[in-house]
Amino acid sequence: MSLLRRRKGSESDKDSNTTRDSKPIEDEDSKTEKARREKTKKSKWGCVDSCCWLVGCICSLWWILLFLYNALPASIPQYVTEAITGPLPDPPGVKLYKEGLRVKHPVVFVPGIVTGGLELWEGHNCAEGLFRKRLWGGTFGEVYKRPLCWVEHLSLDNETGLDPPGIRVRPVSGLVAADYFAPGYFVWAVLIANLARLGYEEKTMYMAAYDWRISFQNTEVRDQTMSRIKSNIELMVKTNGKKVVVIPHSMGTLYFLHFMKWVEAPAPMGGGGGPDWCDKHIKAVLNIGAPFLGVPKAVAGIFSAEAKDIAVARAFAPVVLDNDIFGFQTLQHMMRMTRTWDSTMSMIPKGGETIWGTLDWSPEDGYACSSKKQKNNDTKAVQQKDQRSQGLLAKSVNYGRIISFGKAVAEAHSSKIERTNFKDAIMVNNLANTTCKDVWTEYNEMGIGAIRAVADHKVYTAGSVLDLLNFVAPKLMTRGSAHFSYGIADNLDDPKYEHYKYWSNPLETKLPNAPDMEIYSMYGVGIPTERAYVYKLSPPFECYIPFQIDNSADGENEDSCLSGGVYTVDGDETIPALSAGFMSAKGWRGKTRFNPSGIRTYIREYNHAPPANLLEGRGTQSGAHVDIMGNFALIEDILRVAAGATGEELGRDRVFSNIFKWSEKINLKL
Amino acid sequence: MGSILRFRQLCYVEPVKISSLINQKSYEPAKNDEVGGVPNVDDVFEKENKKRKTKRQTREWRFVDNCCWVIGYLCTTWWLLMFMYNCLPVALPGFQVPESPGVRFKREGLTALHPVVLVPGIVTGGLELWEGKPCAEGLFRKRLWGGSFSELFRRPLCWLEHLSLDSETGLDPEGIRVRAIPGLVAADYFAPGYFVWAVLIENLARIGYEGKNMHMAAYDWRISFQNTEVRDQTLNRLKAKIELMYATNGNKKVVVVPHSMGAIYFLHFLKWVESPPPMGGGGGPGWCAKHIKAVMNIGPTFLGVPKAVSNYFSAEAKDIANIRAMAPGLLDSDILGFQTLKHSLRLSRTWDTIGSLIPKGGETIWGNLDWSPEEGCNYDWAKKRLQYPSSSENNSTNNDAKRGCRVVEPVKYGRIISFGKASQMPSSLLQSLDIKKLQRSSILKNASSTCGEIWSEYDEMSRESIKEVADNKAYTARTLLDLLSSVAPKMMRRVEAQFSHGLADNLDDPKYSHFKYWSNPLETKLPDAPDVEIYCLYGVGIPTERSYIYKLVSTEKCNIIPYRIDSSAEGSENGCYDGGVYMVDGDQSVPVLSAGFMCAKGWKGQTRFNPSGMPTYIREYQHKPPSSILEGRGTESGGHVAIMGNVALIQDVMSVAAGATGEEIGGDRIYSDILKMSERVNIQL
């Protein structure tokens, strides 16, 4: 207030000044006076003043808007939406409540990679004040404030794959761990809210949060996470008198597969729950977007940190990776960090060429990319042309070649490709690269020759990709191969399969002996999903990742599945339908050697429909990997199962994609 | 910048031009007048101009303009200051942050050994909404209790409705589910910046504690202890959690750290877990011995708190469980209309747990009309007050210092509630209250239907019985129960089904296997676990409410609770008596007697309450207020909640968690007269 007064005072002072001034010169030209006065005004109202004034204007306006916004009832956006799109359907929770469904089976959520929050329990000096604050998830404020410190704390020791000395980063526990990934970006929140409508609450819902960076067995070694999950499930079964329904998402499905083996395995390595633990405690496992057979994206992620959105991180925080907040080495830093995370290796494609295809064959052969499907209703000519190009494409897209160097190679017939054996190339330890030391990637230890050799091998299938990764990232893969395996078992009764590293590979484990259990594969379809990559050598300069996706490689026409160096196939944007659906469609269907007790499996696909307008947010019919958690049809299915329905009652399979045809083509001993 | 300038020119310079023009013209008549009053042809026009434009445009413009300018100025300054504040290094030179005990212990080589279970007390745990009425839309899984309490201000009645429980069953009302927040976040901070467990958690984390070996046993502190199990299976979950932590941490027994009411909650748990299944947890008789190393009760309310009585009676305790202390604005302002107190009375009367805090042990412990264990103990507050300002000083500026209370006659603490002069009358003159008669006379005279929406049972009492209750009477811990059941029969019926406040004659009586006795240390035996150590850790040196002087308020309508603490009664010099409340030594909420008696005498050695002879230790912490504002709530506080930041206490807890025994941390540590007081309590052991 005093400011105000002073300001006014000066105004009047000025006025009186001018009055006094004007007395002796009353007869003078008023124009000059005016000019002069304007001048004084201007100088008084300097830049600072006008800035302040502007800021004030904006602030007040902002406050008024904020006030108005708060004063509005919360349902206004809904009214607007309804006015535009017609009445919204009831959320599934309300709808099913009206049908009389109530809480029955306790529910366990198993979050996937990346979506779970991580918090700091012990850190270096640079992380002061962050005790028990979220480092991962939430606003990611610290990434901007102290990026290097952040990277340091989220990285793991690259020898052991565990905590570096002096740093303890632990998963956030409870439902808050993964209800929202970032403010406003829901993961489990919608599902939780709908379950709560049926009467679910903390005692009947449990978020099995785990540290998704470290390997599955290490979560038990370091945090006893699996013991805690076991104890919690036992408790919920005991206090509610009903078996649990488990809902894993994304990598959580592999984690839970591992858990089911672990819990029945004898004590030193396993949980010692006995052979009928799963039968006694689990009603159903509802796998959402399961990468059972791995994701090609994981290969690109490890190879060049470059998959379109390695483990969704980029999609979530595009600015984090694409900006140059770490200087010019964002990707290297990212790569260095993610390479210390063992869990990324659980998602390397499994089953080799049998599943993912050889140089010339792949189960998805003949897949027509979605852009074309929509066009099919057009004129005849176009249709004919389409059919022709479709025929061409069917021959030319070799999905089996997960990595190929150069577009020409990717499309050529296998007999025409000359390949050299890269394994003979010598690892020249190029000591010249000392400048890159702080940015640790193993590429610095590779010589130019070795890099050339890798490129000269030209084409890699799911089988040889493993050799490739072993060659370019030996340390990482040694660590990884101690915890994960990517093969297909010939004889599942081989005692070596009792080792935990096989537990998360569905092709190398038997499902538990639990004939009453049900397994669902629920996933979105209808979105182009990364399946194979065209690479090129990047111009060699200091400290750079020597390979990169060839962004210029596009298909001849817009119908092509190739765009920006990536061949796409049907899936949920992250996981190809093959990976998510194959086990339920064929590998576990009926009584097979992977499923000796004949656990019933169901496939529930959800066709992607983008949100009709902006107000819908991420949509209620999305099929995308994470957005599917808000898909009403999926939520309804889950709610019904949780309230006691079986797969039969749900309507068994619900399929939109060609998953059964593709599975048919895979020649796997069952 | 260019665009800003242009904008400014548009909005600002242009009007200024106009105004300057106007000004210029408007001066002319004045000039003319001064010069000689030569009339001008343009006079009329100019005057009109002046009237029309200067008044409207310039004034209006200037005002808005100036406002904006001022706001902008303030905002900018604020941002600048914020920016500078953020740029400052955490540790200012000159202000040395004392090393936290966690850092020191880590240097000394202590590491996490025993898993730790934290049991929060009443009020401090957060509550969140799971299902609500339409008025609570958008609050799903938001904190209703704890945090910023913003909803209380936005929709107070809705908030009250959701936090109240059903007045018949003491459970959820229809269509409302409010649940305890799980995890460490439940009670690390009560409100932003107001720590409860956070300091302890942070220090424990320094020596290696984390989620897997530290657990917050959050429970819904509004409902009775057994009901937490019935409704939420909280006790079962706690049992499973302790078993799990025991198993996954190399078969190390857990150290339990209950605070405030958590102490009796955990006492209840100890009995529950070993009792057979239908009522108990079925852990078998060796469960406690197998799983528990030590129970470190912080500020335990073992024998109850007189404050709970006054809260039930008139919702008026000085800070019943800190509500008022923490949010003084809440109750004292009239945000709920004129009925704040009444609303809070109604709310807290639906909470059964407050019934667990009613003084236990009757006259044997708390004293009768003429005698009390604390009398004769010399609390020379006056002396202490020279060293530090205490809260009791506020009223003592009265100039009747000479009259002061030299307490020739000892304060009769035994009379927990007395009306008028009954506080110091000889006992022979006091009438006794015939409760039966009172109950008969108070059969539903629901006169005031206008008060229907604000339920409190006072409305159902007749004026005669209200008078009857007050008529120069004094109530001891025993007759208090009768008093409460006459003023609030429904509530006391509920409370008495869940809690008992007596003193057992024969502990082997089979009736004591009922759960309502489990939280009363005077009516249960401790489990058979000779190795478990029991600590009583509490603050001393703060005047604590012990007994009250009430007065009758003229009851015109429903808006007034008929009884009120007689705060006009002037404070005495020695601080024993202040604003209608008699004080004793304690931690501001719990009197020393309640917190320390069981450890000092009831359980000391092998007694009938402690048949296996668990060792007990008393650790008292002398209150010292923070020396400067920078210290926040202080590192040597003895206040009921602030003690959680007391460095000495944290050290003790950490030592025990890292493996030390009670002997190793120095056995008893006593500042108060607790031993003398306990001596005076005549109880069969």
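# Briefing on a predicted two-chain model

S597(A) is found in the loop of chain A that runs between α24 (577-587) and β17 (600-607). The model that contains this residue is predicted, and the predictor assigns the complex an ipTM of 0.79 and a pTM of 0.81.

**Surroundings of S597(A)**

- S597(A) has a relative accessibility of 12% and therefore counts as buried, the limit being under 20%.
- Leaving aside residues up to four places away in sequence, S597(A) touches P512(A), N513(A), A514(A), P515(A) and K591(A).
- Two of these neighbours are also reached through backbone atoms: the side chain of S597(A) comes to 3.3 Å from the backbone oxygen of P512(A), and to 3.3 Å from the backbone nitrogen of A514(A).

**Confidence along the chains**

- The average pLDDT of chain A is 76, and 73% of its residues score at least 70.
- For chain B the average pLDDT is 75, with 70% of the residues scoring at least 70.
- In chain A, pLDDT stays under 50 over residues 1-26, a span with 28 contacts beyond four places in sequence in the model.
- Residues 308-328 of chain A also stay under 50 in pLDDT, and the model has 45 contacts beyond four places in sequence for them.
- In chain B, residues 317-338 stay under 50, with 46 contacts beyond four places in sequence.
- Residues 381-408 of chain B stay under 50 as well, with 34 contacts beyond four places in sequence.

**Spans annotated in UniProt**

- An unreviewed UniProt entry gives the annotation "transmembrane region" to residues 46-69 of chain A.
- In the model, that span of chain A is 96% helix and 0% strand, and its end C-alpha atoms lie 34 Å apart.
- For chain B, the annotation "transmembrane region", again from an unreviewed UniProt entry, covers residues 63-85.
- The model shows residues 63-85 of chain B as 100% helix and 0% strand, with 32 Å between the end C-alpha atoms.

**Chain A as a whole**

- Chain A has 670 residues, of which 57% are buried.
- Its secondary structure comprises 27 helices and 17 strands.
- Of the contacts in chain A between residues at least 6 apart in sequence, 75% join residues at least 24 apart.

**Aromatic pairs and a charge over a ring**

- Over all chains, a search of the whole structure finds 37 aromatic pairs.
- One of them joins W212(A) and W341(A): the ring centres are 5.1 Å apart and the planes stand at 90°, over the 60 degrees required, so the pair is edge-to-face.
- This pair links distant parts of chain A, since W212(A) lies in the loop between β7 (205-207) and α9 (216-223) and W341(A) lies in the loop between α16 (330-339) and α17 (352-356), 129 residues apart.
- W212(A), at 1% relative accessibility, counts as buried, and W341(A), at 3%, also counts as buried.
- In chain B, the rings of W130(B) and F140(B) have centres 5.4 Å apart and planes at 85°, which makes the pair edge-to-face.
- W130(B) belongs to strand β2 (residues 127-131) of chain B, while F140(B) is in the loop between β2 and β3 (143-145), 10 residues apart.
- W130(B) counts as buried at 3% relative accessibility, whereas F140(B), at 25%, counts as partly exposed.
- A cluster linked by ring pairs in chain B consists of W145(B), W159(B), F190(B), Y194(B), W221(B) and W351(B).
- In chain A, the charged end of R102(A) sits over the ring of Y97(A), at 3.7 Å from the ring centre.

**Helix α5 of chain B**

- Helix α5 of chain B, residues 156-163, is mostly covered, with six of its eight residues buried.
- The buried residues of this helix are P156(B), C158(B), W159(B), L160(B), H162(B) and L163(B).
- Among them, W159(B) is also a member of the ring cluster described above.

Notes. Residues are numbered from 1 along each chain as its sequence is written. Chains are lettered from A and ligands numbered from 1 in the order in which they are written. This is a predicted model: local features need pLDDT of at least 70, side-chain atom pairs count only at pLDDT 80 or more; totals for chains, interfaces and linings use all residues. Side-chain values use heavy atoms; hydrogens and water are left out. Rings of Phe, Tyr and Trp (its six-membered ring) pair if their centres lie within 6.5 Å; planes under 30 degrees apart count as stacked, over 60 as edge-to-face and the rest as tilted. Helices (H or I, at least four residues) and strands (E, at least two) are DSSP runs, numbered from the N terminus. Buried means under 20% relative accessible area, exposed over 50%, partly exposed in between (1.4 Å probe, protein chains only). A charge sits over a ring if NZ of Lys or CZ of Arg is within 6 Å of the ring centre and within 35 degrees of the ring normal. UniProt positions are given in the numbering used here, feature names are shortened, and annotations may be inferred rather than shown by experiment. pLDDT is the predictor's confidence in each residue, from 0 to 100. Contact means heavy atoms within 4.5 Å. A polar contact is a pair of N or O atoms within 3.5 Å; within protein, one must be able to donate a hydrogen and the other to accept it, and residues adjacent in sequence count only if both atoms are side-chain atoms.
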